[in-house]
Amino acid sequence: MKILLVSQYFWPESFRVNDLVRAWQERGHQVTVLTGIPNYPQGRPFTGYSAFGPATEHFGSSRVVRVPLLPRGRGSRVRLAVNYLSFVLSASLLGPLRCRERFDCVFVYQLSPVTVGIPGAVLRRLRGVPMALWVQDLWPETLTAVDAVRSPLVLAVVRRLVRWIYRRCDLLLVQSRGFVSAVETCGADPVHVRHLPNWSESFYRPVEVEADAPERAALPQGFVALFAGNLGDAQSLETILEAADRLRHGPEIHWVLLGEGSRRRWLESEIVRRRLGGSVHWLGAHPAESMPRWLCAADALVITLRAGDAISLTVPTKLQSYLACGRPILGALDGEGADIVRCAGAGLIGPAGDAGELAANALTLAGSPAEERAAMGRAGRDYFLGHFEREGLVGRLETWLEELTGAERRVANEPRRA
């Protein structure tokens, strides 16, 4: 197949869409990527890029077409809105001019914002091909869940926009089963909706981390509960800090955070303000390929989300990576993500925002025999292989796209009725 993938974020930014393109390349598909100038999470163009270029480059065998956008800066609401709008305009106007090849389908990878679906719909109409959209974040539910937007008028406009986009999808994929009813309520045709969970890159697997490895040297001595990923509003970092505060006079439990995001500066200042420097440690962001060594060097892997109906429907992408690495999980979240951990027997989970239970579960894990924790890790790895294994899910997606594009070609070749 010849696939035009539309995503505001792409390599060298670290998102799972990069691995999706690699998987398609491995299966012999021709992929063109329409994306913006990489600037996440730093808020400024990566080294070697400016706000306007380069316009084209290659990622493996795929051509990457980049359109100008205004970088997100420090992530203020106004700056983010302009960042989103600038990509929509550039991709909708320049995308058709720079992506002139014939394609079998348009595939939209929809993180926040949902507006990435607009250039996808434009290209669908101009090229006369079907569009598939993979929903990773629900809009406008996510906006209200993290208090990003409160205006009823703005939310109504966003809801109408989402409905407009969903109604132009020939295949609408959702990363969580909990999303199904939400997207159908917002205008998606149930016939076109499919559940496609996220997977993790193939390098996420159990690895042996030597006693003298640099990762072990960087980690504090004692029981290490490690959080890896985006440091944003939805991740409820205050729950981790409150749990650490409750345990400050207890056993030696260290909370280590790896990653970047809009709340990183807040996190650093709170560690100082609460005097938690002895038990909470931010160790920066690291390349995705190095993460399995960090995860496997930890005693437990931490996952937290804010409370709220919309947030609880989401399965955080880090969960698949955690399960794949075979370490016990320590969490405070609701909904499908929590259900997965419990069903797998992969760790201890408390309600979203409940720092007291998170602290109690941390004490329980820290006091458990190493064999029990290892058994939890193995159970999580087994569950991952049964439900989130990369090749199986990529194959499922490939089948759906082939059915979609095959049906489209048959309709296009049928004689028109008078």
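A residue is called buried here when its relative accessible area is under 20%, exposed when it is over 50% and partly exposed in between, with a 1.4 Å probe and protein chains only. By this criterion valine 114, with a relative accessible area of 1%, is buried. The structure is a predicted model, in which local features need pLDDT of at least 70 and side-chain atom pairs count only at pLDDT 80 or more, while totals for chains, interfaces and linings use all residues. Residues are numbered from 1 along each chain as its sequence is written, and side-chain values use heavy atoms, with hydrogens and water left out.

Let us begin with the overall picture. The protein chain holds 16 helices and 14 strands, where helices (H or I, at least four residues) and strands (E, at least two) are DSSP runs numbered from the N terminus. Its radius of gyration, taken over C-alpha atoms, is compared with a globule rule of 2.2 Å times the number of residues to the power 0.38. For 418 residues a compact globule would come near 22 Å, and the 22 Å of the protein chain agrees with this. The C-alpha trace spans about 80 × 40 × 40 Å along its principal axes. Of the 418 residues, 57% are buried. Among contacts (heavy atoms within 4.5 Å) with a separation of 6 or more, 73% are between residues 24 or more positions apart.

Valine 114 sits in the loop that links β5 (105–110) and α3 (117–127). Apart from neighbours within four places in sequence, valine 114 is in contact with Trp139, Val162 and Ile165. Aspartate 137 is 23 residues from valine 114 in sequence, and their C-alpha atoms are 7.9 Å apart.

Turning to the strands, β12 (residues 300–304) pairs with β13 (residues 329–332) in the parallel sense over four bridges, pairing being assigned if DSSP finds at least two bridges between two strands. Within this pair, isoleucine 303 has glycine 331 of β13 as its bridge partner. Strands β13 and β14 also run parallel and are joined by four bridges, with glycine 347 of β14 as the bridge partner of isoleucine 329. The path from β13 through α13 to β14 forms a right-handed β-α-β crossover; right-handed means that, with the strands pointing away from the viewer, the path from the first strand over the helix to the second runs clockwise. In a regular strand the side chains alternate between the two faces of the sheet. In β13, Ile329 and Gly331 point one way and Leu330 and Ala332 the other way, and all are buried.

Helix α15 (residues 370–387) has 18 residues and reaches 26 Å from its first C-alpha to its last, close to the expected 26 Å, which is 1.5 Å times one less than the number of residues. Its buried residues are Arg373, Met376, Gly377, Gly380, Tyr383 and Phe384. Seen down the axis of α15, these fall within an arc of 120° and so line one face of the helix, the arc being that of the directions from the helix axis to the C-beta atoms. On the other side of α15, Glu371, Arg378, Asp382 and Gly386 are exposed. The buried residues of α15 pack against β9 (223–228), α12 (317–325), α13 (335–344), β14 (347–350) and α14 (355–367).

One of these residues, Arg373, also touches aspartate 299, which lies in the loop between α10 (291–297) and β12. Aspartate 299 is buried, with a relative accessible area of 19%.
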